[in-house]
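I opened this notebook to record what I looked up in the structure.

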Amino acid sequence: MTHMTMIEAIQNAHDVAMAEDDRVVVFGQDVGFFGGVFRCTAGLQKKYGKSRCFDTPISELGIIGAAVGMAAYGMKPCVEIQFADYMYPAYDQIVSEAARLRYRSAGEFTCPMVVRMPTGGGIYGAQTHSQSPEALFTHVTGLKTVVPSTPADARGLLLSAIADPDPVIVLEPKRIYNGPFDGHHDRPVVSWKKHPLGEVDTAGAPIPLGKAAVRREGEALTVLTYGTMVHVALAAAEETGIDAEIVDLRTLLPVDLDQIVRSVEKTGRCIVLHEATLTCGYGAELVSLVQEHCFYSLEAPVVRVAGWDTPYPHAQEWTYFPGPARVGEAMTRLLQR
Amino acid sequence: MATTFATPPPGASPAPLTLNVPEPEFRPGDTPDFSNAVIPRAGTVRRPPVDVDPQEIRDLAFTIIRVLNRKGEAVGEWAEALDPDVLRKGLRDMLTLRAYDARMMKAQRQGKTSFYMQHLGEEAVSCAFQGALARGDMNFPTYRQAGLLISSGYPLMKMMCQVYSNDGDTARGRQLPVFYSSKEHGFFSISGNLATQYIQAVGWAMGSAIRGDTKIAAAWIGEGATAENDFHAALVFASTYKAPVILNVVNNQWAISTFQGIARGGSGTFAARGLGFGIPALRVDGNDYLAVLAVARWAAERARRNLGPTLVEYVTYRAGGHSTSDDPTAYRPKEESNAWPLGDPVLRLKAHLVAIGEWSDERHVQAEAEAHDTVVSAQREAEAIGTLMSGNLPSPRDMFEDVYAEMPPHLKRQRQESGY
C-alpha cells in the first residue's frame, strides 16, 4: 500500500494494463512525449515506445474514429480527450459508431476501447473546461460510463474499463486529481498523499464495473452521488452532524441498483447529488429508479441537488458548484419533511 | 469617442457582394453534352514507380488514368498482362452484381423489403478493386460497394437475407438493407452516418502497423461525403502516421440530387484533396475494369511496402437513382447517363475480352443468363427463409442481444418486460 494522487493512480493503471497486454495502446493530444497536460500518461512513451503511446493531431473526431477502427482490428485503445468539453466533435463516433458496432454487426466486429476525459469544474476553467457531460453518455446504449472519486477507484475502474470487451467512458473529476475537494475553495488544498482515501494498492485487483461503494454508513438519509460530489456530501454530513449514508455510485451505467435500493430502503430518504446541470441530468434517472423501486420505503420526496441550469460561469464558480452548504441545507430540509 | 472607419481603398468595388452556389451543367429538359469534358486518351497517363515522391506526381490528381481504348484494347503503362480467366471472372462478377441489383430493386417494389440501393454504372469500381486485396485485408465500405463481397465469393443468398432482414440475416435484422458485414470477407459493418468509416479504416490500418502485421485497409467514401469532417480527419491521421490504407473516393457525380461540384468547390478534383497532405493522389476511370484494378494494385503495393496511404478518385457515373426512394429525373436529364462519356463498365470489359479473342456475343448472352439464374436461385433460397413483410424475422429476443458483450441487469429486466 502506498499513497498516491489520482493522476499517479491513473498512470499506474495504464502501466499495469500496458505491461499485461501488448494490445493496449494509448494516444491523444499531448499524451506521448509530454505525458498529457494533466500528466496522466507520463512515462508511458518512454517505457513502451512510440507505437504504444503517441501524440495525435488536434482532432477529437480523429482520435475516437481511429480508436474505433483500431479496436475493430483487435487492439485495445485507451485514448484521452484533453477535456470532456472537447469531445463534442467526436460525439458521433462515440454514439453512432463505438457504441453500436457490436450490435449492428451482431458481434462480428466489437469495440473494446476506453475514452478517458477530465470533467467537472472548480478549477476556474469557465464554460469550456468545466462541463460534466455524463448524461450524454449514460443515455447512449452500448456505452458504459464510470466516474472515480478516489485514487484507488481511478486505478481500479480504469483497469476494468481497459479489460472490458465494450467501449467504456471514464470521466475523471479533474478537481480531485491531486487531492480531495470538499467544496470549500477557501481552505488549504489537501493532497491525496496525506489523506486516508489516498491509499492505493499498486498490486490491487481491478474494481468491477457496476458496483457502488458506501463511503459513509448512516441511518437518516441516503445521498446518491459520484465523483467530486462524494467529498462534498461527506463534508456536508460532517458539518451538519446528520447521519447520512453516502453512496458513491462509481459506475453510472450499468448502475448498482441493488445498492441504491438497499440504502434507500434502510434510510427512507434520498438526495441525489451531482455537479452537472439539473434539468434532464443523470439525477433524473436516479430519482426515477428510486421512486420505481423504493416508493413504499420513502418517507419524503426525493430531492435533487445539482449545478444550476446555466453554462459554467468563470467568476461565479463557487455559487455554481453545489458546495456543502447547499447539500447540508437540502439534508436538513429533507429531514423536516 | 465615436468609432471611425478608414475610407475604402482606392479601386474597391461598390457593387454588393454575391454568394457563389455552383450549379450542374445540365438540368431536366437540357440536352446533356459532354463533348467539352477533358478525358485523356487511354494509355497516355504514365505509371510511376510505387515509391515515387508524391511531389512528382501531382499532375496525376488532375488527369484520368485509362487503360481500355475505344477498340477494347488495353494500352499504355498501366495495362498489365492479365490472365483471361481473371478478366472473365471480373465480367461475371459485374454481371452478377447487375442481375442482383435488378432482382433486389424489383423485390423492393414488390414490398419484400423497405429499401434498396443499386450500383448501375459503377460495377467496375468495387468488383475490380477487390482483386488488389489479400485475405485478411479490410474494406471499410459505404453503401455502393457490394461488388467487393460478390468478387470475394460471399454468398448471394446471405446478402439477400440481409436485405430481407429475415432470420438468415447475420446482422439479425438490425441494419438497413444493403448494410452488409463480413469480417471473413474483409467487409466492415456499414454505418448509415456518412464518412465515419473513413477514419476508422485509418485506425484499423494503424493497428495493423503497430502490431507489425501485413494486412492493409481500404477506406471508401462517395464524393459528396468528402465534405464530412471524418474525411479530413482521416487524411490527417493517414498522412501523419503513414498508415497502410487506400483512401478511395467514388465520384459518381451525384450525392442524391446534389451534383459533385457542391462538395468539390473550386478544388479542381477530389483526388487533389490528397495533395495538401503529401498523399499520392491518382484519378482513374472508374468504368474501366483494367484501370481500376491496376491503380488499386499500385496503391495496395505502396501500402504493403510501408510507403503509406494513397488517395484514389474513381470517376464514374451513378446511372440509377440514389436509392429506391429517389427519382433522379427530378434533378438531371433522363439521357445524361447515356451521354456520360466513360461508357458502360460491363460493355467495355466485354469488348476487351472479345478483342483479345477470349469472349463472344454468344458467351456473353449465356453469361448474362447464368448470372440471372444464379441470382434467382439464391433469391428463392433467401425468400424460403422469409422477407421483411412475409415474416420469419429474427426473434425479438435477439433485439436485446449484442448491445454489450454481457447483458447488464437493466437490459435483462427490459427483455423480461417485453415478454421475451
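**Annotated spans**

UniProt positions are given in the numbering used here, feature names are shortened, and annotations may be inferred rather than shown by experiment. I found residues 16-55 of chain B to be 0% helix and 0% strand, with end C-alpha atoms 40 Å apart. Helices (H or I, at least four residues) and strands (E, at least two) are DSSP runs, numbered from the N terminus.

I then took residues 94-385 of chain B, which UniProt lists as "domain: Dehydrogenase E1 component" (unreviewed entry). Over that span I noted 43% helix and 11% strand, and 26 Å between the end C-alpha atoms.

In chain A, the UniProt annotation "domain: Transketolase-like pyrimidine-binding" (unreviewed entry) covers residues 4-179. The end C-alpha atoms of residues 4-179 of chain A lie 9 Å apart, and the span is 36% helix and 16% strand.

**Basis and confidence**

This is a predicted model, in which local features need pLDDT of at least 70 and side-chain atom pairs count only at pLDDT 80 or more, while totals for chains, interfaces and linings use all residues; side-chain values use heavy atoms, with hydrogens and water left out. Residues are numbered from 1 along each chain as its sequence is written, and chains are lettered from A and ligands numbered from 1 in the order in which they are written.

I read a mean pLDDT (the predictor's confidence in each residue, from 0 to 100) of 96 for chain B, with 97% of its residues at 70 or more. For the complex, the predictor gives an ipTM of 0.95 and a pTM of 0.96.

**Interface of chains A and B**

I looked up the contacts (heavy atoms within 4.5 Å): 42 residues of chain B touch 43 residues of chain A. The two chains bury about 3,500 Å² between them, 63% of it on carbon and sulfur atoms. Buried area is the accessible area (1.4 Å probe) that two parts lose on being put together, summed over both. In chain B, the residues that lose the most area to chain A are B:Ile210, B:Arg211 and B:Tyr404, together 18% of what that side buries.

I also checked for salt bridges (a side-chain nitrogen of Lys or Arg within 4 Å of a carboxyl oxygen of Asp or Glu) and noted a count of 1 between the chains. B:Arg211 and A:Asp22 meet in a salt bridge through their side chains (2.8 Å, N to O). Helices H5 (196-210), H6 (229-241) and H12 (409-418) of chain B are the elements that give two or more residues to its side touching chain A. H5(B) gives the most, with 9 residues.
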